[in-house]
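User: Can you walk me through this one? I'd like to go over a helix, a strand and the ligand site.

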Amino acid sequence: MSFCPFTSRRGFLTAAGALAGALGTGCMARAETRADQPASGAPALDAVEPFWGVHQAGILTPQQAHCYFAAFDLVTEKVGEVESLLRTWTNAAAQLASGNPVVDLGRNPYSATPAVDSGEAQGLGAARLTLTFGFGPGLFVKDGKDRYGLAAQRPAALVDLPRFNGDQLVPEHTGGDLCIQACADDPQVAFHALRQLARQADGLAQMRWLQTGFSSSGAMGETPRNLLGFKDGTQNPVAPAPNGRKGPSRPGLSPDEVIWVGAEGPDWMRGGSYLVARRIRISLEHWDRSDVDFQEQIIGRRKASGAPLGAEGEFDPPDFDMADKDGNPVIPDTAHLRLGAAANNGGAQILRRSYSYNDGLTFIAERWPPWRQGMLYDAGLFFMAYQRDPRTGFIKIFDKMSKLDALNQFTTHIGGGIFACPGGAVEGGFIGQGLFRRA
Ligand code: HEM
């Protein structure tokens with residue numbers, strides 16, 4: 001690893017005059033070039049989220065505005081190479097999260113010089129970048145093969161997701177042996193980070209699918225709205241609130257109960273969490289032609305305020321027993337809110353950390369309405385949910401939701417995956433280290 005004078009502010013000041021020469025060494029300034037405070041109201045793009053710690057960042061971290069999510073297929077046959085990839089990724093992620101370029105990208109296969117950081121994030125700041133790593137079922141068993149001698153270490157909670165009612169998952173958006181969730185308040189910072197990590201995986205893992213997402217919460221740090229136009233993220237067991245906004249936590253619930261894996265282990269998952277990701281296309285053409293009253297019946301909340309039907313404020317508790325003058329439930333039996341609520345799922349809870357996506361237009365043979373065929377928005381929600389155990393979290397909630405939710409007439413699950421995201425790493429260690437210690 002070469003010394004980089006730009007990886008500290010002092011280094012930057014003393015070496016600023018030599019910038020042109022330094023660029024030739026592959027070392028580029030990033031966070032340190034932003035000495036000025038942002039204008040009032042603008043996001044603090046030099047803000048840093050800590051990388052090292054008991055838990056991985058990017059789960060309980062207040063949600064950033066942009067996300068790049070990549071799933072990888074491992075192509076190496078050697079467990080030692082998987083281990084060294086995770087060590088390399090961990091070290092690079094720590095550099096990137098602190099707003100620095102990656103100074104050691106390894107060998108450049110096309111020339112004798114070392115590979116260099118691609119440089120498009122210089123001057124942009126850390127932008128609260130978080131990099132969160134996960135292991136898919138394929139790390140443990142792939143096509144019936146135990147490629148790395150890790151099969152016995154597969155956590156019971158890392159199940160293969162069942163096929164849900166209405167699933168139309170396509171291979172090019174589904175699965176993966178490893179995943180990286182890169183989130184930041186600047187899209188270029190997030191993509192840059194992912195790109196450096198992908199390059200470090202050359203010959204060991206190749207990207208299988210990539211999903212971008214955005215989440216706009218407005219200047220006042222309100223709950224962001226998804227592409228339905230409804231506030232999304234109001235009711236989370238622990239609020240990873242945008243811009244530091246604190247939503248309500250249910251009394252008596254802590255992240256340890258809902259999100260973090262505890263003594264049930266395995267040890268290397270302690271302090272970690274399971275991620276279920278779903279690429280859910282929303283039929284915006286259909287949605288945009290429906291009345292707001294109808295939309296509110298589907299969600300079970302008011303569109304403008306986010307209040308549950310029958311209540312006043314966004315954070316008022318929903319009353320599922322309330323009936324109208326004809327005796328019908330005010331929050332319909334098929335409302336998304338009713339079907340998702342912990343009270344109606346034996347207490348099941350997940351931490352939703354989703355992003356909207358817009359990938360342009362695509363030809364889609366629609367599930368509904370059946371006569372609609374042709375070019376449509378390829379847009380929707382990249383749903384991400386973290387939980388202590390998917391069997392008692394996502395699977396429990398979505399099994400019923402996939403059959404009964406009125407929202408299903410507008411949505412199609414196209415892809416996604418399930419990943420075990422280990423606990424965080426201490427400096428000098430790497431993400432998932434405990435898994436390999438026991439292999
Ligand atoms: C395109 C797909 C989806 C959209 C647009 C969507 C939208 C929403 C909205 C607007 C809310 C109400 C506001 C809030 O509390 O955050 C909500 C709540 C919720 N959603 Fe979804 N959602 C989608 C998919 C899913 C899926 C696949 C699940 C799977 C489990 C899910 C689980 C939940 C849960 C648990 C709640 C909170 C219910 C409560 O406790 O009040 N959603 N969603």
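Analyst: Let's start with a term: a residue is buried if 20 or more other C-beta atoms lie within 10 Å of its own, exposed if 12 or fewer, and partly exposed in between, with C-beta atoms placed from the backbone. This is a predicted model, where local features need pLDDT of at least 70, side-chain atom pairs count only at pLDDT 80 or more, and totals for chains, interfaces and linings use all residues. Residues are numbered from 1 along each chain as its sequence is written.

User: Which residues of α4 are buried?

Analyst: Helices (H or I, at least four residues) and strands (E, at least two) are DSSP runs, numbered from the N terminus. The buried residues of α4 pack against β1, α3, β2 and β3, contact being C-beta atoms, placed from the backbone, within 7 Å. They are V189, A190, H192, A193, L194, Q196 and L197.

User: What is the bridge partner of T132 in β3?

Analyst: T132 sits on one side of β2 with T130 and G134, and those three are buried. β2 and β3 run antiparallel, joined by six bridges; strands pair if DSSP finds at least two bridges between them. The partner of T132 is Q181.

User: Which helix supplies the largest share of the shell around the ligand?

Analyst: A residue is near a molecule or strand if its C-beta atom, placed from the backbone, lies within 6 Å of it. Of the 27 residues around the ligand, F230, T234, Q235, G340 and L381 come nearest. β5, α8, β8 and α9 each supply at least two shell residues. The largest share, four residues, comes from α9.

Key:
Two residues are in contact if their C-beta atoms, placed from the backbone, lie within 7 Å.
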